[in-house]
Amino acid sequence: IPVNTVRMKLWVKAGGTGYTMNFGVMSDPLNPATYTQVSTIAPTNVWVEYVVPFNAYTGTGTYLAIKHDTAGTGRTFYIDDVIIELIAADDLACTGLTGNVTPSVGNASTYTASIFNWGTNTQNTYTVKLFNSANVELATAPGVASAPGSTVQVPLVWTPTVEGPATIYAKVFLTGDQNAPNDQSPNLNITVMPAGMVVVTVGDGSQTMRMPLDFFYRNSLYETLYFPTELGMLGNITAITLYNQFVTTTLTNMPTKIWMGTTQLEDLSAGWIPSSQLNLVYDGTVNYPAGENSIIIPLQNLFNYSGGNLV
């Protein structure tokens, strides 16, 4: 079996931070000089399944090899469920779905499906569709050219008609696909807002900091400014959405308070604005689920933003 026709699936977690695991091929298992690197992963301290294709290998070796990085004399990795399987000729997988998690009724939102070509053939003719949890089709789009071993992005435009929480997913349809179980993306949980409500996103969710809420301690306090250029509009603020990435268990019924106000100050270097000068817009409990989520907190008291820097 030629090595460039197989892939390896395995579950991995690291015993430390900043570790990388390399995959390659050797022609002589007793001679490290025959090692040719093919791929690299960066495991975390959480179990994750990785799929490593060897279709980029052009040599004649037949021994699959796993090697740690050269930053230290030793590395600890935990490995489980190693599977080596043939790469199909025709196999498209829908590996992810991203988009607005707070769309509003009557407003079109674009969701992006990530399509990975696991097969050995280039794919030009396929379809990607968007569904809800009841398997009702919401949108469809033609696929774009996908070379073997590459990921392409396919946009799907959907206009919600009913407000409230919902679950959506994307699915790729390729005639002759040889691996149906990977055709469907993971679910994306969203909350459809009422018609006329506009959602403003500030930041990209890439920072890993314990703010604005820190549950490591018994309590925490945080204050920040959002500038008019970030908000881009005026009107009533009815809810806020926080993006979380927790590796702990779900935190249930956590007491949470939120104040809002405005200021002409450009920063808070001279000190925070006291809560007595702000409006208490939420005083209740919130559930903070484990994993990656968008947590929507409907405000108990609307805040009318009419300009200035939002506190």
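## Salt bridges, sheets and a pocket in a predicted model

Asp-91 and Arg-7 are both buried. In this predicted model, their side chains form a salt bridge, with 3.5 Å from N to O. The pair links distant parts of the chain, since Asp-91 sits in the loop between strand 6 and strand 7 while Arg-7 belongs to strand 1, 84 residues apart.

Arg-7 also has a salt bridge with Glu-85, where the closest N and O atoms are 2.7 Å apart. Glu-85 is in strand 6 and Arg-7 in strand 1, so this pair ties together parts that are 78 residues apart in sequence. Arg-7 has a relative accessible area of 3% and is buried, whereas Glu-85 is partly exposed at 23%. A network of salt bridges links Arg-7, Lys-9, Glu-85 and Asp-91.

The whole structure holds 6 salt bridges. Another of them joins the side chains of Asp-214 and Arg-210, with 3.0 Å from N to O. Asp-214 is buried, with a relative accessible area of 13%. Arg-210, by contrast, is exposed, with a relative accessible area of 52%.

| Salt bridge | N to O distance |
|---|---|
| Glu-85 and Arg-7 | 2.7 Å |
| Asp-91 and Arg-7 | 3.5 Å |
| Asp-214 and Arg-210 | 3.0 Å |

Which strands make up the open sheet of 3 strands, and in what order? The order is 4-1-6, and the pairing is antiparallel. Strand 4 and strand 6 (77–86) are at the edges, and each has a single partner strand, so one side of each has no neighbour in the sheet. From one strand to the next, the twist averages 20 degrees. Strands of a sheet pair through backbone hydrogen bonds, either parallel or antiparallel.

Strand 1 and strand 6 are joined by 8 bridges in the antiparallel sense. Met-8 has Ile-84 of strand 6 as its bridge partner. Strand 6 also contains Asp-81. This residue has a positive phi of about 50 degrees, although it is not a glycine. Asp-81 is partly exposed, and its relative accessible area is 49%.

### The second largest pocket

Sorted by class, the lining has 3 nonpolar, 3 polar and 3 charged residues.

Asn-132 stands opposite Ile-168, which is in strand 12.

Strand 8 (residues 109–117) pairs with strand 11 over 8 bridges, in the antiparallel sense. Ile-115 has Val-152 in strand 11 as its bridge partner. Which residues of strand 11 (residues 151–158) form its covered face, and which the uncovered one? Val-152, Val-154, Leu-156 and Trp-158 form the covered face, while Thr-151, Gln-153, Pro-155 and Val-157 form the uncovered one.

### Backbone exceptions

Most residues other than glycine have a negative phi, and most peptide bonds are trans. Besides Asp-81, with its positive phi, Asn-253 has a positive phi, near 55 degrees, and is a residue other than glycine. Asn-253 lies in strand 15 (residues 251–260). A cis peptide bond runs from Met-211 to Pro-212, with omega near 5 degrees. Pro-212 is placed in the loop between strand 13 and helix 1 (228–231).

Terms used: Residues are numbered from 1 along each chain as its sequence is written. This is a predicted model: local features need pLDDT of at least 70, side-chain atom pairs count only at pLDDT 80 or more; totals for chains, interfaces and linings use all residues. Side-chain values use heavy atoms; hydrogens and water are left out. Ala, Val, Leu, Ile, Met, Phe, Trp, Tyr, Cys and Pro count as nonpolar, Asp, Glu, Lys and Arg as charged, and the others, Gly among them, as polar. Two strands pair if DSSP finds at least two bridges between them. Helices (H or I, at least four residues) and strands (E, at least two) are DSSP runs, numbered from the N terminus. Axes are lines fitted to C-alpha atoms, for helices over the stretch in contact, and angles run from 0 to 180 degrees between N-to-C directions. A salt bridge is a side-chain nitrogen of Lys or Arg within 4 Å of a carboxyl oxygen of Asp or Glu. Buried means under 20% relative accessible area, exposed over 50%, partly exposed in between (1.4 Å probe, protein chains only).
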